[in-house]
Amino acid sequence: MKILKLFTLFMFCSWFSMSAQEISDHAIGLRLGDSDGFGAEISYQKSLDRDNRLEANLGWRDSRYFDAFKLTALYQWVRPLDGNFNWYYGAGGGLGSVDFASRPNGNGGFYTPDGGLFVLAAGDIGIEYNFDIPLLISLDFRPEIGIVGYKDFSDNFDFDIALGIRYQF
């Protein structure tokens with residue numbers, strides 16, 4: 001019975017020390033990625049608690065078939081890995097607008113899909129390195145699934161992999 005209590009105490013202390021970390025109050029920068037055409041996002045992070053934060057991104061995507069902009073917000077949980085390395089995961093959503101270029105229709109003609117507003121749900125998982133100077137670099141994976149108006153834009157599911165560079169203050 002004593003071994004079980006000691007093991008439980010050890011696990012609790014390990015968990016507590018894993019969540020004891022510092023994330024900056026604010027961070028702003030760029031998130032550069034390629035999901036279906038080059039995209040850049042202005043990214044802002046605001047800490048909400050000791051180990052979670054809100055991330056908001058305003059970005060655009062550009063490919064030969066469309067131009068789009070979107071606003072995405074994610075709630076994230078941040079966990080330490082080793083030293084200045086952290087990993088994080090989160091969930092959220094967003095909305096945006098897309099304009100399509102004309103595409104060949106296979107019969108020698110062209111058609112232009114309907115563009116307009118779209119709404120999406122998103123997840124997020126990534127790693128980050130917090131330098132001793134106020135610089136944060138991250139690499140993340142954000143799967144997105146279209147809820148409304150997403151059909152011609154990305155077949156209802158999109159993988160977004162990006163590199164983030166942010167100034168912390």
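What follows is a short chat about a predicted model of one protein.

Trainee: How many helices and strands does the protein have?

Mentor: There are 2 helices and 10 strands. Bear in mind that the model is predicted.

Trainee: And in what order do the elements run from the N terminus?

Mentor: The order is α-β-β-β-β-β-β-β-β-β-α-β.

Trainee: Take E2 and E3. Do they run parallel or antiparallel, and how many bridges join them?

Mentor: Strand E2, residues 38–47, and strand E3, residues 52–62, run antiparallel, with 10 bridges joining them. The link from E2 to E3 is a hairpin of 4 residues.

Trainee: Which residue in E3 is the bridge partner of Phe38?

Mentor: Asp62 in E3 is the bridge partner of Phe38.

Trainee: What does Asp62 pair with in E4?

Mentor: In E4, the bridge partner of Asp62 is Asp67.

Mentor: E3 and E4 pair over 11 bridges, in the antiparallel sense. They also form a hairpin, with 3 residues between the two strands.

Trainee: What share of the protein counts as buried?

Mentor: Of its 169 residues, 36% are buried.

Trainee: Now Phe110. Where is it?

Mentor: Phe110 is in strand E7, which covers residues 110–111.

Trainee: Is Phe110 buried or exposed?

Mentor: Phe110 counts as exposed because its relative accessible area is 60%, and the cut-off for exposed is over 50%.

Trainee: What does Phe110 touch, leaving out residues up to four places away in sequence?

Mentor: Phe110 touches Ser102, Arg103, Pro104 and Asn105.

Trainee: Last one, on contacts across the whole protein. Of those with a separation of 6 or more, what percentage comes from residues 24 or more positions apart?

Mentor: Residues 24 or more positions apart account for 52% of those contacts.

Conventions:
Residues are numbered from 1 along each chain as its sequence is written. This is a predicted model: local features need pLDDT of at least 70, side-chain atom pairs count only at pLDDT 80 or more; totals for chains, interfaces and linings use all residues. Side-chain values use heavy atoms; hydrogens and water are left out. Two strands pair if DSSP finds at least two bridges between them. Buried means under 20% relative accessible area, exposed over 50%, partly exposed in between (1.4 Å probe, protein chains only). Contact means heavy atoms within 4.5 Å.
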